[in-house]
Amino acid sequence: MLQILFDALSLGSLYALGALGIALIFGVMRLVNFAHGDVIAFSVFALLWPSTDALAIVFAGQLPWYLLIPFVLIVGALLSVLCEIVVYRRFRHASPATMMIASFALGFVIRYFLLMLFTSRPKSISLLPALGQPVEIFGARLPLLQLITIVATICILLALTLFLRRTRFGLEMRAAAENFSMARMLGVRANNVIMGAFAISGALAGAIALIFGSQTGTLDIQMGASVMLMAFIATVIGGLGSLPGAVLAGFLLGAASVVMQVFLPIDARPFRDAFVYGAVILVLLFSPQGLISARGTKERV
Amino acid sequence: MSYKVRLLATALASVGMALPALADDETITVGFATAQSGAMQAYDKPADEAAMIRIEEINAAGGLLGKQIQVVTADTKSDRAEGAKAGLSVLDQGADLVIVSCDYDFGAPAALAAQDAGIVSFFSCAESVKAGIQGVGPLSFSGSVLAPVQGAAMAEWAFKEKDAKTFYKLLDTWTVYNKGICDGFDWMMPKLEEQGAKLVGEDTFKNEDASIAAQITRIKALPEEPDAIMLCTMMPGGVSAVKQLRAAGINSMILNGSGMDGSYWLSAVPDLSNFYIPVQASIYGDDPNPDVKKFNEAYKAKTGADPSSQYVYPGYVAVDVWSKAVERAGTTEAEAVVAELEKMKDEPTLFGPRTFTSELHHQANARYLVVNVDKGKPGVVGEWTLSEPVPMEAILK
């Protein structure tokens with residue numbers, strides 16, 4: 001039972017971090033950033049030297065962990081900010097649909113850039129191998145990585161909450177999320193806030209890349225896609241733009257996925273995701289605004 | 001000139017133009033309608049190179065039916081619509097044999113184009129039964145071995161040679177290839193159960209799953225760790241599954257399909273042991289057949305790198321068996337060549353015997369080498385041929 005709880009929490013953490021990265025950007029500029037998944041892939045591919053050989057040439061991946069972790073986070077953040085400066089800034093006044101299409105296109109550009117450098121063959125890398133050992137906790141035997149994932153996610157969430165509640169920049173960001181034009185009129189510098197949101201979102205993508213990479217040992221140019229899809233669904237059921245909602249829904253999705261895998265009969269298990277998405281539809285039927293709807297997105301009468 | 005004669009003359013002229021292949025009697029043409037770019041390129045190119053090595057060998061030995069083989073290519077760009085165009089393109093250039101993409105889904109459009117034109121096609125390394133009569137037509141073949149043979153061979157080998165008694169089945173539902181491995185395992189398992197083996201559980205996962213923790217928890221809930229886990233999966237999710245199984249402290253022997261061959265991914269699971277893969281020949285320099293080593297050297301000389309997995313070899317086999325059939329038929333004409341191919345029974349090739357019948361243009365049995373990964377080092381530890389071929393019911397399941 002405890003084992004199932006840990007399984008659910010660790011998978012949920014991954015989805016929650018992804019959902020947070022998407023919700024942050026949606027909050028400040030109403031953009032559903034579909035390139036987020038490809039930022040995840042890029043930030044971990046940055047550890048390899050570009051080569052089309054089957055064998056991965058590990059480059060920055062050889063750094064000790066206290067340099068490697070910041071390296072990946074910074075790559076994610078930089079790429080994300082670069083996307084903002086080069087692409088999204090030009091779409092600031094475009095409709096959300098246009099921005100969404102732009103984000104799809106940008107995602108393709110990043111993915112095909114990786115394809116060009118590394119080919120479509122998945123690359124293998126031993127990332128943070130020390131985390132591969134099993135540990136015993138309250139009678140449940142689980143990989144150390146699972147534990148670290150859960151702890152790290154909780155720390156990231158706490159830090160982000162403090163940042164948003166206690167700092168001036170966080171206040172500006174929350175104000176911008178609530179009512180962007182009003183915030184600008186009151187002296188919030190839009191570019192800074194948006195770039196900040198992109199940087200945090202990119203760093204979150206880097207964190208997912210690290211967890212994903214050390215869990216699977218495999219880097220694939222499409223690796224971000226499945227997490228991105230789940231994370232996007234989480235932001236929707238959490239209430240678009242609502243940060244606590246996104247996190248909560250991320251954990252719920254992870255839990256639903258694990259619970260279905262455990263309790264569905266063997267013949268139904270291949271269709272697990274169909275059941276998960278069915279549950280998502282049910283949630284949206286009963287609560288179309290999401291679990292915790294953001295104040296800024298509510299229709300005002 | 002009367003109208004009728006003029007019409008006849010025009011018709012004759014257009015027939016002459018439509019058959020450029022007949023115009024050139026000095027050479028035989030092999031067309032490659034495979035991916036030279038995009039997602040499939042990494043899988044098609046190695047098999048293409050191996051096929052090229054066989055073509056060069058034949059040309060160096062005086063050619064086929066006394067004619068040199070010339071090669072024409074067209075890029076499928078890893079796209080199915082482009083695949084059909086690439087097939088037509090090499091046919092227009094006069095191909096007598098069309099080599100198509102390694103995967104059934106990507107290779108089928110070009111193979112269908114060849115089928116329509118009455119030309120023989122070979123999938124360079126597809127392992128689905130559809131890559132042949134069942135999915136394309138009577139002129140289509142595959143150079144590789146069916147996926148069910150891999151699952152069945154590994155189960156029988158583990159039971160007979162490694163004394164494995166309890167088995168667990170873990171299926172990745174992503175591709176038909178994965179299901180094929182487990183279909184073969186499912187066919188073999190009742191036979192082994194009569195002799196004292198036991199299937200203690202089964203589960204499924206998806207290749208893209210971020211975590212298979214729930215599946216692992218189910219294995220750990222068993223009263224005893226199973227002797228062997230049949231893992232029906234492929235890259236990239238397969239590596240992830242293996243890594244998570246070992247990280248959770250499950251040390252059962254892991255049985256795989258050939259899709260897990262290759263040492264390039266082993267860095268992801270340091271010190272992996274007790275991990276078994278069926279291969280048509282060894283890329284690790286320890287193949288019992290010295291000619292395989294020679295081939296590996298030739299491949300390295302040509303491409304600058306060792307073969308990355310056993311999927312290099314079927315490309316060589318495809319050209320090899322086709323050229324033998326052409327030699328015996330005395331022509332490249334499709335019907336005669338197919339008839340000769342279908343006469344092949346345990347035809348020796350560099351990578352094991354091959355059999356084709358009028359029902360199956362694929363291998364329902366094969367000699368496999370078993371590679372074990374021991375402390376991160378892969379090497380051949382045995383050889384296995386199924387006690388009987390996998391029957392059509394199990395293949396078509």
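Colleague: Does A:C83 count as buried or exposed?
Modeller: This is a predicted model, in which local features need pLDDT of at least 70 and side-chain atom pairs count only at pLDDT 80 or more, whereas totals for chains, interfaces and linings use all residues. Residues are numbered from 1 along each chain as its sequence is written, chains are lettered from A and ligands numbered from 1 in the order in which they are written, and side-chain values use heavy atoms, with hydrogens and water left out. Buried means under 20% relative accessible area, exposed over 50% and partly exposed in between, with a 1.4 Å probe and protein chains only. The relative accessibility of A:C83 is 7%, so A:C83 counts as buried.

Colleague: How many disulfides are there over all chains?
Modeller: A disulfide is taken here as a pair of cysteine sulfur atoms within 2.5 Å. One such pair is B:C102 with B:C125, whose sulfur atoms lie 1.9 Å apart, and another is B:C182 with B:C232, at 2.0 Å. Over all chains, the count of disulfides comes to two.

Colleague: Is the disulfide of B:C102 and B:C125 left-handed or right-handed?
Modeller: Both B:C102 and B:C125 are buried. The torsion about their S-S bond is about -125°, and therefore the disulfide of B:C102 and B:C125 is left-handed.

Colleague: How many residues apart in sequence are the parts tied together by B:C182 and B:C232?
Modeller: B:C182 is buried, as is B:C232, and the link between them, with 95° about the S-S bond, is right-handed. Helices (H or I, at least four residues) and strands (E, at least two) are DSSP runs numbered from the N terminus. Because B:C182 lies in helix α8 (residues 176-194) of chain B and B:C232 in strand β8 (residues 228-232) of chain B, the pair ties together parts whose separation in sequence is 50 residues.

Colleague: Which residues does B:N178 touch, not counting those up to four places away in sequence?
Modeller: B:N178 lies in helix α8 of chain B, and its relative accessible area is 0%, so B:N178 is buried. With contact meaning heavy atoms within 4.5 Å, and with residues up to four places away in sequence not counted, B:N178 touches B:L171, B:D172, B:C232, B:T233 and B:M234.

Colleague: How much area do chain A and chain B bury between them?
Modeller: The contact takes 36 residues from chain A and 37 residues from chain B. Buried area is the accessible area (1.4 Å probe) that two parts lose on being put together, summed over both. With 55% of it on carbon and sulfur atoms, the area that chain A and chain B bury between them is about 3,100 Å².

Colleague: How many salt bridges does the rule find across the interface of chain A and chain B?
Modeller: The rule for a salt bridge asks for a side-chain nitrogen of Lys or Arg within 4 Å of a carboxyl oxygen of Asp or Glu. The side chains of A:R272 and B:D209 meet in one, at 2.7 Å from N to O, and those of A:R269 and B:D203 meet in another, at 2.6 Å. Across the interface of chain A and chain B, the number of salt bridges found is three.

Colleague: Which residues are linked with A:R272 in a network of salt bridges?
Modeller: The side chain of A:R272 meets that of B:D209 in a salt bridge, at 2.7 Å from N to O. The network of salt bridges links A:R272 with A:D273, B:K206, B:E208 and B:D209.

Colleague: Where does B:R328 lie, given that B:E347 lies in the loop between α13 (334-342) and β11 (367-374) of chain B?
Modeller: The side chains of B:E347 and B:R328 meet in a salt bridge, at 2.7 Å from N to O. The pair ties together parts that are 19 residues apart in sequence, because B:E347 lies in the loop between α13 and β11 of chain B and B:R328 in helix α12 (residues 313-329) of chain B.
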